[in-house]
Amino acid sequence: VSRAGRLSSRPRSVLAMSDEDDERDDGLPATPQAHVAELAFDFELHALSPSPPPPAAEDAPSPDIATSQHPAKGTFFVLSVGEGDEQQSFRLCHEQSGDACSSTTAAMQVTEGLVRWLVGRQGACELALVQHGGEGEEGDVVFSVALDLAPLLFGWRTMMASFASEPSGSEGPIATRSHSAAGGSEEMDEGEGGGEGKDGEGEGPREGGPLWRLTVSVRADLPFLPEDIALSLNPMAVTVVRASGLPADYTGTSLKAPYVELAEQCAPVFVRWRALGQECVTDGRPHAESVEWGSRRIFLAGEQPLPELCRRLREEGITVEVHDRDPKSASETNPRGQTRVAADGE
């Protein structure tokens, strides 16, 4: 469980604030103020040919490498965050941008509205590669991805994310892993970053164009969340990483290979957890001794009054259920489109 209250420059818990702080009637700090976080971006962008070029004729001249143009020449990235009056867009250059762009930093105004927007989208925002369209003209979008900024919400000062486009006919670039400064990694479910699914999906490259591989590094000059917003909203994340040591048999009398009978008789393995009024059900995974999800849910613990938050954390805690043997005959389809069971006695 991650909690944004840990990012304070002073070692102080959100549950034990000093009397000298300006507080609301419910014990939380006064109305959060905006501050500007400068984010420095570094891009590694590679274009791969979707198919090998046809063999050249024996008498054909060799291609002039000096005059060949990189597919990303004259392009730049556009990072978009927020909505309505608080929407912010930043033009960011990479090594092939040339005169199309000159900045690699985004001076992002962090407000309560922006934090709520990021949490609602589970940390995802749109990052698009755009072709320069000339003076005063809108360029075409080459592709876009959902960049996960959630590590910044929880105090990381540096983060890295990798993307790769798929061949023609697929849904486009998909985030493979998001890395934090500590070297940890978190796998994102496809579409998870958008909160409601498709809002977080990227736009694929043009048909017949190159396949792209992109690595984005982000460095913040100071904590992304100021202390007052961190204490007032208190973003919290619960991540279901894996379940290990799962039993291999269903009836105990089968002569089949381990987990084969379970796969035949039971619905895919899923986890359901509950905490602070939140409930989340993961996708189903094939039966095995160790099953991984990397499924993350972000919510705002600060929405509850401080005394109520303390009471629920103390008395309720977090309830986690691993469902690895729900019979298929009693299964139903859950809201995420995976097979699960509402078993008796849960």
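So, Glu279 is partly exposed, at a relative accessible area of 42%. Partly exposed here sits between buried, which is under 20% relative accessible area, and exposed, which is over 50%, using a 1.4 Å probe and protein chains only. By salt bridge I mean a side-chain nitrogen of Lys or Arg within 4 Å of a carboxyl oxygen of Asp or Glu.

Quick note on where this comes from. The model is predicted, so local features need pLDDT of at least 70 and side-chain atom pairs count only at pLDDT 80 or more, while totals for chains, interfaces and linings use all residues. Residues are numbered from 1 along each chain as its sequence is written, and side-chain values use heavy atoms, leaving out hydrogens and water.

Okay, next pair: Arg274 and Glu321 meet through their side chains in a salt bridge, 3.0 Å from N to O. What does this pair tie together? Arg274 is in strand 13 (residues 270–275) and Glu321 is in strand 16 (residues 318–323), so the bridge links parts 47 residues apart in sequence. Strands, by the way, are DSSP runs of E, at least two residues, numbered from the N terminus. Arg274 is partly exposed at 30%, whereas Glu321 counts as buried at 13%.

There's also a network: Glu308, Arg311, Arg312, Glu315 and Glu316 are joined by salt bridges that share partners.

One more: Glu264 and Lys256 pair up at 2.4 Å, N to O. Glu264 is partly exposed at 40%, and Lys256 is partly exposed at 44%.

How many salt bridges does the rule give? The count is 14.

Methods
Helices (H or I, at least four residues) and strands (E, at least two) are DSSP runs, numbered from the N terminus.
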